[in-house]
Structures are given as C-alpha cells and as structure tokens.
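This report walks through one protein model, from its overall layout down to single residues. Please keep the sequence and the 3D view open while reading.

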Amino acid sequence: MPDALLEVDRISKRYGEVVALREMTFEVRAGEMFGFVGSNGAGKTTTMRIALGVLTADSGQVRWKGAPLTFETRRRIGYMPEERGLYPKMKVAEQLVYLAELHGLSAAAARRAAGEWIERLGLGARRQEEVQKLSLGNQQRVQLAAALVHEPEVLVLDEPFSGLDPVAVEVMSQVLREKCDDGVPVVFSSHQLDLVERLCDRVGIVRKGQMVACGTVDELHEGGPARVRVRVEGAGPRWVEALEGVQVVDKLNGSVVLELSEGVDDQAVLRAAQDAGPVREFAPHRPSLSELFRNVVTEETAA
Ligand SMILES: Nc1ncnc2c1ncn2[C@@H]1O[C@H](COP(=O)(O)OP(=O)(O)OP(=O)(O)O)[C@@H](O)[C@H]1O
C-alpha cells in the first residue's frame with residue numbers, strides 16, 4: 001500500500017457549543033482520488049478548511065509527507081473553497097495569472113499556465129470576461145483553473161461538481177483523473193454519490209464530525225449482511241414473505257434485493273424462488289455507495 005501523502009489526524013473543532021469535528025481522521029495517498037461524503041453539516045467543509053490552514057483546529061494535526069503542514073507546504077495545495085472566493089470584477093485570464101503569481105510562478109510561467117488551463121477547461125471564449133458575468137458553471141470552471149494553475153501537489157476541492165452540466169462534469173472528471181494519474185492526490189466532497197462511486201478510489205463517510213467508514217466501496221460493504229438480487233417472472237412478494245430471515249430491502253427494475261440474515265442458506269432462497277416461478281435473475285448484490293450511505297444515515301437518525 002503506498003504511503004499516505006496527506007494525513008488528517010484526530011482533528012477536533014468546536015464553534016462555541018457546536019462540535020463540528022470529533023477526532024476526524026483519514027489519509028490520502030499518491031495518485032488516489034478520495035471522495036468525502038456526508039449529510040449537510042457533517043463537517044466536510046470544516047475539515048477541508050483546517051487542512052488548508054484557513055481555519056485552526058482545537059486539537060489534532062494535518063501532515064504532508066509525514067511532517068506538520070507549514071505555510072510553505074500549504075502553498076502546494078490546490079484548493080477550491082465551497083464559497084468559491086474569486087474576485088468578481090477581475091477578468092478570467094487576469095485573475096488566473098494573478099493567482100498563479102501569488103503562488104510563486106514567474107509572470108511568464110503564470111501567463112502560460114493560465115492560458116493552458118483556460119483552453120483545457122473550455123473557457124477560451126470567456127478569457128476577457130469578468131468572473132461575475134459568467135454563469136455559475138463557468139465560474140466553477142474558473143475556480144478549478146484557479147486551484148490548478150500553480151501546479152499543486154495535492155488538490156482539495158469542496159463540492160467541485162455542484163451545479164455543473166453533464167459536459168462540465170465530464171471535463172472536470174477527466175482533469176481530476178489525469179491529475180491523479182500524475183500522482184497528485186485529489187480529495188473532493190460531493191453529495192452526488194453516483195459520481196463519487198464512479199470516480200473515487202476510496203471514499204470516506206462522515207457523520208456528525210467523525211469518519212464513520214473509510215475505504216473502497218467493496219471494503220465498506222465487507223462484513224455487511226449478504227444480499228441477493230432476484231427476479232422471478234410473474235411472482236408477487238408472497239414467496240419472500242414466507243421465508244424466515246429474509247427481507248426485501250430494495251426494488252430495482254422488476255428485481256428485488258433481499259437481505260439474508262446470518263445462517264440463511266442462499267440455495268434455499270433460490271429453491272423457494274424457483275417454486276414461485278421462472279427465475280430470470282439470481283445474483284449476489286453489491287450495494288451501491290448510495291445504499292451504504294443510506295445505512296449510515298439511518299443509523300444516524302436512529303442514534
Ligand atoms: N462559522 C461557523 N460558526 C458556527 N458553526 C459553524 C460554522 N461553520 C460551520 N459550523 C457548524 O459546524 C458543523 C459542520 O459544518 P460544515 O460546514 O463543516 O459541514 P459540511 O459537511 O460541509 O456541510 P454541507 O454538506 O452542508 O456543506 C455544522 O453543524 C455547522 O452548522
């Protein structure tokens with residue numbers, strides 16, 4: 001397993017009475033895309049702000065390559081804040097050149113990098129427009145360019161996909177994947193779980209300021225109850241209701257997803273299905289990230 005590049009180690013943070021983070025912990029490795037998911041108010045933005053040094057933690061530590069983050073190492077992070085933070089009256093190209101120079105690039109290198117990202121992100125026709133006059137999605141493209149223009153060694157992006165049209169989602173996904181392939185770790189938060197599942201190597205689910213599950217989607221499911229997806233032609237729900245320790249947890253395009261309690265023999269379920277009618281589908285069911293997330297949120301509500 002490759003070494004962690006960015007480590008968030010037991011970070012806690014309160015805002016007055018509100019406990020925003022409780023020992024939040026995770027790590028991101030070279031070339032890895034890490035998806036950060038959680039309900040509204042779970043603590044994602046707070047974590048990212050602390051990782052960036054925009055906000056200080058009450059306790060815990062953020063490390064880059066094993067050493068605590070310093071002002072210097074923070075400059076190597078490409079950040080896309082949730083509140084976006086562009087200068088509204090500045091023109092697109094001017095803004096990107098300015099931000100690149102702020103990160104230490106020479107004037108010539110800044111102009112070159114800004115020009116490259118403007119083209120890459122499909123902003124060529126907008127380069128001389130004021131940011132405030134752009135559509136929300138285009139402003140977001142500029143924001144991504146701003147996070148990338150100084151060739152960062154790690155990318156931390158707060159909801160980079162929100163509000164983007166499908167083409168922009170693809171452009172952004174490709175850019176992030178390329179960065180990962182170059183070895184740059186990418187962390188991003190999102191409520192679009194299908195997208196997170198499709199793009200990310202690993203996922204962290206945050207609940208009430210804590211990391212409650214972290215790993216690949218397969219790892220997150222490990223140890224969970226067995227599930228099978230079954231489609232019996234022309235059969236209603238009766239045959240399942242008659243089975244002990246089996247319950248329907250989902251319905252998908254004419255199939256049902258069954259959860260089997262420990263000790264239930266899946267072959268007995270198959271036989272019961274065959275008795276009910278012609279079986280057109282019978283397969284192990286791997287839960288989607290949305291399903292896993294729903295389980296966590298349900299636990300939260302029940303807690
Ligand atoms: N400046 C602040 N003052 C007081 N409380 C705050 C402040 N910022 C955040 N909080 C609280 O801290 C908790 C974590 O908020 P945070 O914005 O980190 O969540 P989030 O996971 O990013 O949510 P969302 O998905 O809605 O963006 C919430 O309870 C929020 O109300």
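The domain assignment divides the protein chain into domain 1, covering 4–220, and domain 2, covering 223–302. The model is a predicted one, and every value in this report was computed from it. Taken over C-alpha atoms, the centres of domain 1 and domain 2 are separated by 38 Å, and the contact between the domains draws 14 residues from domain 1 and 8 residues from domain 2.

On the side of domain 1 that touches domain 2, at least two residues each are supplied by helix H7 (193–199), strand E9 (202–207), strand E10 (210–215) and helix H8 (217–221). Of these, H7 gives the most, with 4 residues. Sorted by class, the residues on this side of domain 1 are 9 nonpolar, 1 polar and 4 charged.

**The chain as a whole**

The protein chain contains 11 helices and 14 strands, and its C-alpha trace spans about 75 × 45 × 35 Å along the principal axes. Of the 303 residues in the chain, 35% are buried.

**A residue in helix H8**

Is Val 217 buried or partly exposed? A residue needs 20 or more C-beta neighbours within 10 Å to be called buried, and because Val 217 has 19 of them inside 10 Å, it counts as partly exposed. Leaving aside residues up to four places away in sequence, Val 217 touches Glu 197, Val 203, Leu 289 and Leu 292. Gly 204 lies 13 residues from Val 217 in sequence, and their C-alpha atoms are 9.6 Å apart in space.

**The surroundings of the ligand**

The ligand is surrounded by Tyr 15, Val 18, Ala 20, Gly 38, Asn 40, Gly 41, Ala 42, Gly 43, Lys 44, Thr 45 and Thr 46. Strand E2 (18–29) and helix H1 (44–52) are the elements that give two or more residues to this shell, and H1 gives the most, with 3 residues. By class, the shell holds 4 nonpolar, 6 polar and 1 charged residues.

**Strand E7 and its partners**

Strand E7, which runs over residues 154–158, is largely enclosed by the rest of the structure, because 5 of its 5 residues are buried. Val 154, Val 156 and Asp 158 point one way from E7, while Leu 155 and Leu 157 point the other way, and all of them are buried. E7 pairs in the parallel sense with strand E6 (residues 77–80) over 4 bridges, and in that pairing Met 80 has Leu 157 of E7 as its bridge partner. E7 also pairs in the parallel sense with strand E8 (residues 186–189), over 4 bridges, where the bridge partner of Leu 155 is Val 186 in E8.

Strands of a sheet pair through backbone hydrogen bonds, either parallel or antiparallel. In the order E12-E13-E11-E14, 4 strands form an open sheet whose pairing is antiparallel. Strand E12 (246–252) and strand E14 (279–284) are the edge strands, each pairing on one side only, and from one strand to the next the twist averages 25°.

Strand E11 (residues 226–232) pairs with E14 in the antiparallel sense over 5 bridges. Within this pair, Val 228 has Pro 284 in E14 as its bridge partner, and Val 230 stands opposite Phe 282 in E14. How many of the 6 residues of E14 are buried? The count is 0, and E14 is described as hardly covered. Helix H10 (residues 266–276) lies across E11, E12, strand E13 (255–260) and E14, and it runs at about 15° to E11.

| Strand pair | Sense | Bridges |
|---|---|---|
| E6 and E7 | parallel | 4 bridges |
| E7 and E8 | parallel | 4 bridges |
| E11 and E14 | antiparallel | 5 bridges |

How values were computed: Residues are numbered from 1 along each chain as its sequence is written. This is a predicted model: local features need pLDDT of at least 70, side-chain atom pairs count only at pLDDT 80 or more; totals for chains, interfaces and linings use all residues. Domain bounds come from an automatic or database domain assignment. Two residues are in contact if their C-beta atoms, placed from the backbone, lie within 7 Å. Ala, Val, Leu, Ile, Met, Phe, Trp, Tyr, Cys and Pro count as nonpolar, Asp, Glu, Lys and Arg as charged, and the others, Gly among them, as polar. A residue is buried if 20 or more other C-beta atoms lie within 10 Å of its own, exposed if 12 or fewer, and partly exposed in between; C-beta atoms are placed from the backbone. A residue is near a molecule or strand if its C-beta atom, placed from the backbone, lies within 6 Å of it. Two strands pair if DSSP finds at least two bridges between them. Axes are lines fitted to C-alpha atoms, for helices over the stretch in contact, and angles run from 0 to 180 degrees between N-to-C directions.
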